[in-house]
Amino acid sequence: MPVSAAAEDETSYLVGLDLRGRRVVIVGGGSVAQRRLGLLVASGADVHVVARAATPVVESMATKGRISLDLRDYRDGDLDGAWYAMACTDEPETNAAVVAEAERNRIFCVRADNARHGSAVTPATARYEGLTVGVLAGGDHRRSAAVRTSIRDALAGAAVTEFAETGPKPVGVALVGGGPGDPDLITVRGRRLLARADVVVADHLAPQELLAELDSHVEVIDAAKLPYGRAMAQQVINETLIDRAKAGKFVVRLKGGDPYVFGRGYEELEACTAAGVPVTVVPGITSAISVPSAAGIPVTHRGVTHEFVVVSGHVAPGHPDSLTDWDALAKLRGTLVLLMAVERIEQFADALIAGGRPTDTPVVVVQEGTLSSQRVVRADLSTVAQRVRDEAVRPPAIVVIGPVAGFGLDPQTGSDSDGG
């Protein structure tokens, strides 16, 4: 006797999977796959992506060793050894073939383009202080996402309603700072606006796990500016924001950190305003302060430093485009926080030493701060460049220079924190 679609939805069995160290295969490397990678990586899964092409964010995750990426067509047998699989291509025939292989090998498989034809469904999820909440709503993705958001807000102290989408629909563009990486560190306002977006234009430093919370109808546009890799031109980003907003869509421009701290947020504000598009700016927690804090390092400390300076490492000392007076920075006694500085750390250290900063000044480099993959490398000005090479430190990383870099009590344990 045939089973109705409604009955199939009602019989879904919600379960938590321990994927730590277990092989998960995702076929497809576009925005749909990208939205699922954050949670899978955070769960500790051994993620393998097979795709003809991949977004810059997916490529970046592979470069960092967080996933493996095989750029080619899907082949039967790609699911060998997998515990879980996802078919996320834009080709129904390929997705069907992936599901068929999974079925033969008794591997649960999500089919992104047609959930009813897969053997597993991804619930709308939220995490709060050790709790994980999953919501299924019979294939109504908007309802499951709204209920999930409402439950999460209720756990944080708000009231529960079935649909979190109360009040008038936001319009225009919201420039939202996503914080330093941990999805729990986005502001409440930023998360609520994100939940109501029609379009999300996201950088690679924006918390990727937040993309997994979006409703399936939301258009996700990858505007990743990968360090020293390919980039979506700023003009194209501006035009994308304006075009989508003028089409009646509510657009969230999701950035890492704060939109106005080396995030080109004001450039986007100017472009939207000139085009007559209303803009909402939602500040975010900047990585310049929060990442050192996560490593147990205060950027200021009574009796030690009365100032801290945040500097972009995008341009080398002595470059014609540099606006930074490195000699003046070298004479300061306080804290220097360098962003985007890993690739040129030797030049920055040399410039500070040449300007008079002592060679034994403590330095800390924090890679992927606030994430489970965070690591801390300690050195001084004379050794930091070699330490960065020896430890194969890659962006995103924050460099802290000054007396406070010699601190490092773990806020959880009270012991010295040292990941490198």
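## Asp 203 and its setting

In this predicted model, Asp 203 sits in the loop that connects strand S9 (199–202) with helix H7 (208–211). Asp 203 counts as buried because its relative accessible area is 11%, and the limit for that class is under 20%. Thr 335 is 132 residues away from Asp 203 along the chain, and the C-alpha atoms of the two residues are separated by 28 Å.

## The protein as a whole

The secondary structure of the protein consists of 13 helices and 17 strands. The radius of gyration is 23 Å, close to the 22 Å that the globule rule gives for 420 residues, so the protein is as compact as a globular protein of that length. Taken along the principal axes, the C-alpha atoms fill a box of roughly 85 × 50 × 40 Å.

Of the 420 residues, 46% count as buried. Among the contacts with a separation of 6 or more, 63% are made by residues 24 or more positions apart.

## Helix H3 and its cover

Helix H3 comprises residues 56–63, and its buried residues are Pro 56, Val 57, Val 58, Ser 60 and Met 61. The elements covering these buried residues include helix H2 (31–42), strand S3 (68–71), H7 and strand S10 (219–222). H7 is also the helix at one end of the loop that holds Asp 203. Just after H3, Gly 65 adopts a positive phi of about 80°.

## Helix H5 and the second largest cavity

Helix H5 (141–155) has 15 residues and spans 21 Å from its first C-alpha to its last, close to the 21 Å expected at 1.5 Å a residue. Its buried residues are Ser 144, Ala 145, Ala 146, Arg 148, Thr 149, Ser 150, Arg 152 and Asp 153. They pack against strand S6 (124–128), strand S7 (131–135) and H6. An α-helix has 3.6 residues a turn, so residues three or four places apart point the same way.

The structure holds two cavities of 30 Å³ or more. The second largest cavity contains about 50 Å³ of space. Its lining is formed by Arg 148, Thr 149, Arg 152, Arg 191, Leu 194, Ala 195, Leu 210, Glu 213 and Leu 214. Helix H5 (141–155) and helix H6 (188–195) are the elements that give two or more residues to this lining. By type, the lining residues divide into four nonpolar, one polar and four charged.

## Backbone features in loops

With a relative accessible area of 5%, Glu 368 is buried.

A further feature is the cis peptide bond that joins Pro 395 and Pro 396, where omega is about 0°. Pro 396 lies in the loop between helix H13 (384–390) and strand S17 (397–401).

Terms used. Residues numbered from 1 in each chain as written. Predicted model: local features only at pLDDT ≥ 70, side-chain atom pairs only at ≥ 80, totals over all residues. Heavy atoms only, no water. Helix = DSSP H or I, 4+ residues; strand = E, 2+ residues; numbered from the N terminus. Buried < 20%, exposed > 50% of the residue type's maximum accessible area, 1.4 Å probe, protein only. 1 Å grid on protein atoms, 1.4 Å probe; cavity = no way out; pocket = protein on both sides within 12 Å on 5 of 7 lines; lining within 4 Å. Points joined across faces, edges and corners; volume = space filled by probe spheres on them. Nonpolar A, V, L, I, M, F, W, Y, C, P; charged D, E, K, R; others polar. Contact = heavy atoms within 4.5 Å. Expected span 1.5 Å × (residues − 1). Rg over C-alpha atoms; globule rule 2.2 N^0.38 Å.
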